[in-house]
Amino acid sequence: MSNWPCDYNQAWTLARASERSGVGLHSGQTSRVRLQPSERAGYWVGWLDDPGLPLHRLDPECVADTRLCTALTLGQRRLATVEHLLAALAGCGVSQAELWVEGEEVPLLDGSALPWVEAIGESGLRNCGRRQVPVLPADPILIHQGTGFALAQPADSLRLSAAVDYPQPAIGRQFFSLELTPDLFVEAIAPARTFGFREQVDQLLAAGLIKGGALDNALVCDGDDWLNPPLRFADEPVRHKLLDLLGDLALVGLPRAHVFAYRGSHGLHTALAAAIATAQVDGLPPVGMASDSLPRTLSTASVTTGPLPSPARP
Ligand SMILES: [Zn+2]
């Protein structure tokens, strides 16, 4: 499929089901996800291995752990590493879908969102009318965490910006900013793969993590160089940060805003998504109301960030 929606103003679901399976980054276990159309706004998770459980709508309150990935608690079940799949759905313009899962972690595939974009392309899209957009307060929402921060300011469209600053010369300082459209997402963001650092690999394996990590599904930085070049973009790391930011924002829905993350992490991104969700509750309009039919001024007192999750590794 090459005719993606031209912007994020309309609601779209999938035209038919598609499916992918593969190894989970942290569990090392094979899992499967079937993407299906949804008649309701938002992303809903059901279980292929326990279809009797009710579908669970994803929102920032589901976030259980942001160390290395975004992991959710959904009733009795847990689902890890949702961010690249959610970025693919949101980035391609899919605002509502059912995700039927077998296992406890979304497959990592090649470490980017591209395999999910291909699955969505196989499904095709179906228009569902006017999109529901979360409303932001007139004043910016700012979240600090460690040396990083994330900021969301109302705008006429969605602009995402990210900056990273690593001591490793292979990455160093990178900045990327774009006014997002589905076409630009597919071309410039979706192919950017996840990355890690050589010195952390043994440590993470000892902690029972990244059992599914491999040189073909994650870039590994070794100070001055990469263990597994070539990169898909010279600035692939910061583009991947943008991909992660988009996937975490998808938990609350894409706002019309300029969202900027400096030294972003899943902890920071999901705290920002939670603050946007809180602004809906405190500021009257619920998540899902069309922003252009609602007042765009909320009192600054309503903007609360709450307790922040512990700092996460990049
Ligand atoms: Zn990622």
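This is a predicted model: local features need pLDDT of at least 70, side-chain atom pairs count only at pLDDT 80 or more; totals for chains, interfaces and linings use all residues.
Student: How many bridges join E15 to strand E16 (residues 219–222)?
Tutor: Residues are numbered from 1 along each chain as its sequence is written, and side-chain values use heavy atoms, with hydrogens and water left out. Helices (H or I, at least four residues) and strands (E, at least two) are DSSP runs numbered from the N terminus, and two strands pair if DSSP finds at least two bridges between them. E15 and E16 run parallel, and the number of bridges that join them is three.

Student: Which residue of E16 is the bridge partner of Gly196?
Tutor: Strands of a sheet pair through backbone hydrogen bonds, either parallel or antiparallel. E15 and E16 are parallel, and the partner of Gly196 in E16 is Val220.

Student: Which strands stand at the edges of the open sheet of three strands?
Tutor: The sheet has the order E15-E16-E17, with mixed pairing. Each edge strand has a single partner strand, so one side of each is left without a neighbour in the sheet; the two are E15 (195–197) and E17 (225–226).

Student: Which residue of E18 stands opposite both Leu151 and Ser161?
Tutor: E18 (residues 257–262) pairs with strand E12 (residues 148–154) in the antiparallel sense over six bridges. E18 is also joined to strand E13 (residues 159–165), in parallel, by five bridges. Leu151 and Ser161 each face the residue of E18 that is asked for, Phe260.

Student: Which residue in the hairpin of E11 and E12 takes a positive phi near 55 degrees?
Tutor: E11 (residues 141–145) and E12 run antiparallel and are joined by five bridges. Gln145 has Gly148 of E12 as its bridge partner. The hairpin has two residues between the strands, and the positive phi belongs to Gly146.

Student: Is helix H2 (residues 114–123) largely enclosed or left open by the rest of the structure?
Tutor: Buried means under 20% relative accessible area, exposed over 50%, and partly exposed in between (1.4 Å probe, protein chains only). The buried residues of H2 are Pro115, Trp116, Val117, Ala119, Ile120, Gly121 and Ser123. Their cover includes strands E1 (10–14), E2 (18–23), E3 (30–36) and E10 (125–130), with helices H1 (83–92) and H3 (182–189). Seven of the 10 residues of H2 are buried, so this helix is largely enclosed.

Student: What do the buried residues of H3 pack against?
Tutor: Pro182, Phe185, Val186, Ala188 and Ile189 are the buried residues of H3. Packing rests on contact, that is, heavy atoms within 4.5 Å. These buried residues pack against H1, H2, strand E14 (173–179) and H5.

Student: Which residues coordinate the zinc ion?
Tutor: Donors are N, O and S atoms within 2.8 Å of the metal (3.2 Å for Na, K and Ca); water is not among the atoms, so sites may look incomplete. The zinc donors lie at 2.1 to 2.7 Å and follow the spacing H-x155-H-x3-D along the chain.

Student: What is the arrangement of the four donor atoms around the zinc ion?
Tutor: Four donors count as tetrahedral if all angles lie between 85 and 135 degrees; four count as square planar and six as octahedral if opposite donors are over 155 degrees apart and all others between 65 and 115; anything else is irregular. Around this zinc ion the angles are 52 to 150 degrees, which makes the arrangement irregular.

Student: What relative accessible area does Ser38 have?
Tutor: Ser38 is found in the loop between E3 and strand E4 (42–47). Not counting residues up to four places away in sequence, Ser38 touches Thr13, Trp44, Gln96, Ala97 and Glu98. Ser38 is buried, at a relative accessible area of 1%.

Student: Over which residues is the pLDDT below 50?
Tutor: The protein chain has a mean pLDDT of 88, and 89% of its residues reach 70 or more. The stretch below 50 has 73 contacts in the model beyond near neighbours in sequence, and covers residues 284–314.

How values were computed: pLDDT is the predictor's confidence in each residue, from 0 to 100.
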